[in-house]
Amino acid sequence: MAWGSDTAATQLSSITTEQFFDQVPTLNPRETAHVQVSVDFPGSPTDHAIIAVYTTLDDTSEVFDLIPMMEFLIENTTDPNRISFLVTGVYKFRVGVRRSGSTDTITSADLSLRKDGVNA
């Protein structure tokens, strides 16, 4: 097993409704992606950030699930704040970011990932 290169997504900015990163990784059987999302909040934030992972079985049409397979809440108490997590056992996934309420505009969010390179 060998971790692949660090792949960065295009930064998201001015987040009010859910936005999705441009990296949509496809995983081979037994392969894992180590994902890190960093969020920058506005001054004196009220809303937290919600990070959601959606999956699809499709390759080209990419019909993603409407309900995420996992969600994480990034609290606004630390700015910037980040979370790392693993995604495994799915064919393809994407990561979205949205605010927890309707008060703030999240300043920006960044995503980086590494796949572990295991092939069946």
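1. Strand β2 and S14. S14 lies in strand β2. Strands are DSSP runs of E, at least two residues long, and helices are runs of H or I, at least four residues long, both numbered from the N terminus. Phi of S14 is near 50 degrees, a positive value in a residue other than glycine.

2. Basis of the model. This is a predicted model, in which local features need pLDDT of at least 70 and side-chain atom pairs count only at pLDDT 80 or more, while totals for chains, interfaces and linings use all residues. Residues are numbered from 1 along each chain as its sequence is written, and side-chain values use heavy atoms, with hydrogens and water left out.

3. Overall fold. The protein has 9 strands and 0 helices. From the N terminus on, the elements run β-β-β-β-β-β-β-β-β. The radius of gyration is 15 Å, close to the 14 Å that the globule rule gives for 120 residues, so the protein is as compact as a globular protein of that length. That radius is taken over C-alpha atoms, and the rule is 2.2 Å times the number of residues to the power 0.38. Along its principal axes, the C-alpha trace spans about 50 × 30 × 20 Å.

4. Contacts along the chain. A contact means heavy atoms within 4.5 Å. Take the contacts with a separation of 6 or more: residues 24 or more positions apart account for 79% of them.

5. Buried residues make up 39% of the 120 residues. Buried means under 20% relative accessible area, exposed means over 50%, and partly exposed is in between (1.4 Å probe, protein chains only). The protein exposes about 6,400 Å², and carbon and sulfur atoms supply 48% of that area. Accessible areas come from the Shrake-Rupley method with a 1.4 Å probe. There are 8 positive and 16 negative charges, and their mean positions are 5 Å apart. Lys and Arg count as positive, Asp and Glu as negative; His and the chain ends are not counted. Each charge is placed at NZ of Lys, CZ of Arg, CG of Asp or CD of Glu.

6. The core. A nonpolar core is a set of buried Ala, Val, Leu, Ile, Met, Phe, Trp, Tyr and Cys residues joined through side-chain atoms within 4.5 Å. The largest one has 26 residues, of which V37 and F85 touch the most other members. Leaving aside neighbours within four places in sequence, F85 is in contact with A33, H34, V35, V37, I51, V53, M70, F72 and V95.

7. V95. This residue sits in strand β8. V95 counts as buried because its relative accessibility is 2%. Beyond neighbours within four places in sequence, V95 contacts Q19, F20, F21, V37, I51, A52, V53, F85 and L111. D110 is 15 residues from V95 along the chain, and their C-alpha atoms are separated by 11 Å.

8. Y54. Y54 is in strand β5. With 6% relative accessibility, Y54 counts as buried. Not counting residues up to four places away in sequence, Y54 touches E18, F20, F64, D65, L66, I67, P68, K92, F93, R94 and R98. Y54 and R94 are 40 residues apart along the chain, yet 5.4 Å separates their C-alpha atoms.

9. A9. The loop between β1 (7–8) and β2 holds A9. A9 has 11% relative accessibility, so this loop residue counts as buried. Apart from neighbours within four places in sequence, A9 is in contact with F21, D22, Q23 and L111.

10. Loops to inspect. R30 is in the loop between β3 (19–20) and β4. Phi of R30 is near 70 degrees, a positive value in a residue other than glycine. R30 counts as exposed, because its relative accessibility is 60%. S44, in the loop between β4 and β5, also counts as exposed, at 70% relative accessibility. S44 and N76 are 32 residues apart in sequence and 8.7 Å apart in space, C-alpha to C-alpha. P80 is in the loop between β6 and β7. The peptide bond from D79 to P80 is cis, with omega near -5 degrees.
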